[in-house]
Amino acid sequence: MPVFKCPPKLEPLWKGWDQKAQKNGLRHQVYAVNGDHYVGEWKDNTKHGKGTQVWKKNGAIYEGDWKFGKRDGYGTLSLPEKGSRKYQRVYSGWWKEDKKSGYGVQFFGPKEYYEGEWCSNQRCRWGRMYYSNGDIYEGQWWKDKPDGEGMLRLKNGNRYEGFWERGMKNGQGRFFYLDHGQLFEGFWVDDVAKCGTMIDFGRDEAPEPTRFPIPEVKLLDPDGVLKEALAMFQKTENGD
């Protein structure tokens with residue numbers, strides 16, 4: 001009885017080429033049409049896992065975690081220094097869906113940086129900002145600005161402790177003029193003190209004390225007067 005053997009069915013060549021073109025696992029440099037290139041892990045044709053991306057347009061380098069084509073996890077972003085082949089670290093911290101999210105450190109300049117929480121590329125919740133002029137703010141943030149309760153310590157040692165809104169002093173607060181030995185406590189609106197009390201505070205130890213001490217207040221009820229003035233101001237602000 002004759003035996004018939006059927007030749008194996010051959011798949012089209014394009015299927016084999018397409019399978020080889022699929023990027024999965026660790027790959028060496030893969031270049032994009034615009035000149036960007038990536039070295040690292042892939043999954044289903046997207047960057048996934050550990051990898052390094054270099055953008056040709058501005059020379060930026062990201063080294064860290066990826067998830068389905070986006071920076072997600074822990075990573076560091078660096079930019080080239082002008083007139084040099086060295087790179088300056090710009091941000092180190094956590095990312096989510098290609099945006100800074102979670103705890104991270106952002107460098108704005110050689111002597112200016114922020115360390116704290118991020119929400120979708122904006123400073124939020126708690127953080128500490130070191131300014132190039134020597135001032136330091138520590139406290140709550142919202143939409144990239146001081147908002148909530150926080151302390152601003154100036155380079156000369158003076159400091160403000162109290163509430164903030166939209167990056168400005170708003171609400172109850174205390175300003176310590178340690179260079180002159182005085183303390184102001186009161187209510188602020190958009191960085192302007194509207195009402196409050198000023199007293200001597202450590203005047204004998206101050207480096208530049210005021211010429212004369214603040215005289216004793218003779219009002220029978222200074223707290224009541226302040227409370228009444230504050231209530232009137234708030235009533236005016238609310239448009240009542």
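Modeller: Let us begin with Asp190 and Arg166, whose side chains meet in a salt bridge at 3.0 Å, N to O. This is a predicted model, in which local features need pLDDT of at least 70 and side-chain atom pairs count only at pLDDT 80 or more, while totals for chains, interfaces and linings use all residues. Residues are numbered from 1 along each chain as its sequence is written, and side-chain values use heavy atoms, with hydrogens and water left out.

Biologist: Why is the contact of Asp190 and Arg166 called a salt bridge?

Modeller: A salt bridge is a side-chain nitrogen of Lys or Arg within 4 Å of a carboxyl oxygen of Asp or Glu. The N to O value for Asp190 and Arg166 is 3.0 Å, so the pair meets the definition.

Biologist: What makes Asp190 and Arg166 a tie between separate parts of the sequence?

Modeller: Asp190 lies in the loop between β14 (182-189) and β15 (192-200), and Arg166 in the loop between β12 and β13, so the parts they tie together are 24 residues apart in sequence.

Biologist: Why is Asp190 called partly exposed?

Modeller: Buried means under 20% relative accessible area, exposed over 50%, and partly exposed in between (1.4 Å probe, protein chains only). Asp190 has 34%, and therefore counts as partly exposed. Arg166, with 43%, is likewise partly exposed.

Biologist: How do you know that Glu161 and Arg174 form a salt bridge?

Modeller: Their closest N and O atoms are 3.2 Å apart, which is therefore within the 4 Å limit.

How values were computed: Helices (H or I, at least four residues) and strands (E, at least two) are DSSP runs, numbered from the N terminus.
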